[in-house]
Each structure stands twice: as structure tokens, then as C-alpha cells.
Amino acid sequence: RRNLISPEIEPELYAYLGGTLKKLGSVCLAMNGTANHVHLLISQSKNAALSVTLQELKKGSSKWIKTKGEAFRHFAWQDGYGAFSVGQSNVGRLKTYLAEQKSHHQKNSFESELLALLDKYKVNYDPRYIWT
């Protein structure tokens, strides 16, 4: 988890990710993150499994960002991903949460927040593999 998503590349990366989602038949409703991770709120295509969508999204954006200069030569997304479904009634609240990512993660680390979320919703995980 390295801080490779610089403010200079962030708008272009987000545009690339949004365009890729569109090509894959999904709609990006909101996106934001920090220097070391990105959150996406998407309306998932009914024609592709989420795992396939994320595989293509990560693969394409990894190749693309490496063309943006020496600073991104070692860029790579983590092997896994976290995905949660939300009801329509929570979309507005989630968009607000995503918009506040940078200030939010100055107070709470991504790692502690994810573990708290997994515990809250009783998602089983093996701590040995959560960050690989």
C-alpha cells in the first residue's frame, strides 16, 4: 500500500477508471480516494461478474498509469478487493462519504476502517491474508 496516486494524476486516473467502467457496461456513480486507494460506487452491469469487472479495471488502469512517467513505474493495485452492496436509500449517504475521503482518512486509517466494517457486518476473514 504505497502512496502513488498523486493529486496531479488523480483526475486523469479517475476519468480512465470511469471510462473503463462504462466500456464494461457499468456506471460509475461516485469515485474518490487517497494517495493509496480508491473507492468506487458503481451500478454494476448485469452482463459481467463483479470479479471480471474489477479484474479488467485494475489490469487496464495499471498498464495505463505506467505510461504516465517514471514515478508510476512500480504502480500496482493490491491483489484483492473489497466489495459491498448498498440499497438505493443509502446511495446519497455513500456519495457524501466518498466526497470526504481525504479529510476522513486523515483521522481514520483505511486499514482500521475496513476491519471495523468487516467486524460490524460480521464478514469472516483471515487476518493473515487481508492485506495481501
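Which way is the crossing of α1 and α2 handed, left or right? Before we get there, keep in mind that this is a predicted model, where local features need pLDDT of at least 70 and side-chain atom pairs count only at pLDDT 80 or more, while totals for chains, interfaces and linings use all residues. Residues are numbered from 1 along each chain as its sequence is written, and side-chain values use heavy atoms, with hydrogens and water left out.

Let's start with the two helices (DSSP runs of H or I, at least four residues, numbered from the N terminus). Helix α1 covers residues 10–23 and helix α2 covers residues 50–65; they pack at an angle of about 140°, and their axes lie 10 Å apart. Here, axes are lines fitted to C-alpha atoms over the stretch in contact, and angles run from 0 to 180 degrees between N-to-C directions. That makes α1 oblique to α2, since angles under 35 degrees count as roughly parallel, over 145 as roughly antiparallel, 65 to 115 as roughly perpendicular and the rest as oblique. As for our question, the crossing is right-handed: the near helix is turned clockwise from the far one by less than a right angle.

Now hop over to histidine 37, which sits in strand β2, residues 37–43 (a strand is a DSSP run of E, at least two residues). Histidine 37 counts as buried because its relative accessibility is 5%, and buried means under 20% relative accessible area, exposed over 50% and partly exposed in between, using a 1.4 Å probe and protein chains only.

Glycine 82 is found in the loop between α2 and α3 (91–99). With a relative accessible area of 58%, glycine 82 is exposed.
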